[in-house]
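Work through the exercises below with the sequence and the model open. Each task is followed by a solution in steps.

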Amino acid sequence: MMLNKVLVVDDSALIHQMYHLVLARYRCQVLDAKNGQEALDILAQQDDVQLVLLDINMPVMNGVQFLEKAAALGITERVPVVIVSTEGKEADTVQGLKLGANGYLTKPFTPSQLHEVIVKVLQASETCVEQVKETALER
């Protein structure tokens, strides 16, 4: 299985641009949501999203609220979620992991750190392993 579709949930347009550049190595489609509600709307329409990269601090619906609703809807059982939070927000990260997130990354991070957490989460979920390893070898 290949990594075909990733949903990035963050209220920063600059962060979305960075994810598009970094995730280009996977040759996957990157979907953008500016908050948790937009992410839930996208996930309701597209059931083939394979990974969610989730910011915590966002307007409208933050990452913790998103995880609460996603867990209630069973989304976190089928789609791995990586929390991407700022330093000093460890309590939010711990709460997110308890709600079903599969991994976390602290901002700022390097492309290599993002790749490492993606590999770890996907290996744990037994999804896309071969494609991710091949991509890592191309670096």
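Contact means heavy atoms within 4.5 Å. Helices (H or I, at least four residues) and strands (E, at least two) are DSSP runs, numbered from the N terminus. The model is predicted: local features need pLDDT of at least 70, side-chain atom pairs count only at pLDDT 80 or more, and totals for chains, interfaces and linings use all residues. Residues are numbered from 1 along each chain as its sequence is written, and side-chain values use heavy atoms, with hydrogens and water left out.

**Exercise 1.** Determine which residues of helix 2 (residues 36–45) are buried and what they pack against.

Step 1. Buried means under 20% relative accessible area, exposed over 50%, partly exposed in between (1.4 Å probe, protein chains only). Gly 36, Ala 39, Leu 40, Ile 42 and Leu 43 are buried.

Step 2. The buried residues pack against strand 1 (5–9), strand 2 (29–33), strand 3 (51–55), helix 3 (63–72) and helix 4 (75–78).

**Exercise 2.** Find how helix 1 and helix 6 pack, and which residues make the contact.

Step 1. The angle is about 70° and the axes are 11 Å apart; axes are lines fitted to C-alpha atoms over the stretch in contact, and angles run from 0 to 180 degrees between N-to-C directions.

Step 2. Helix 1 is therefore roughly perpendicular to helix 6 (65 to 115 degrees; under 35 is roughly parallel, over 145 roughly antiparallel, the rest oblique).

Step 3. Tyr 19, Val 22 and Leu 23 of helix 1 meet Pro 111, Leu 114 and Ile 118 of helix 6.
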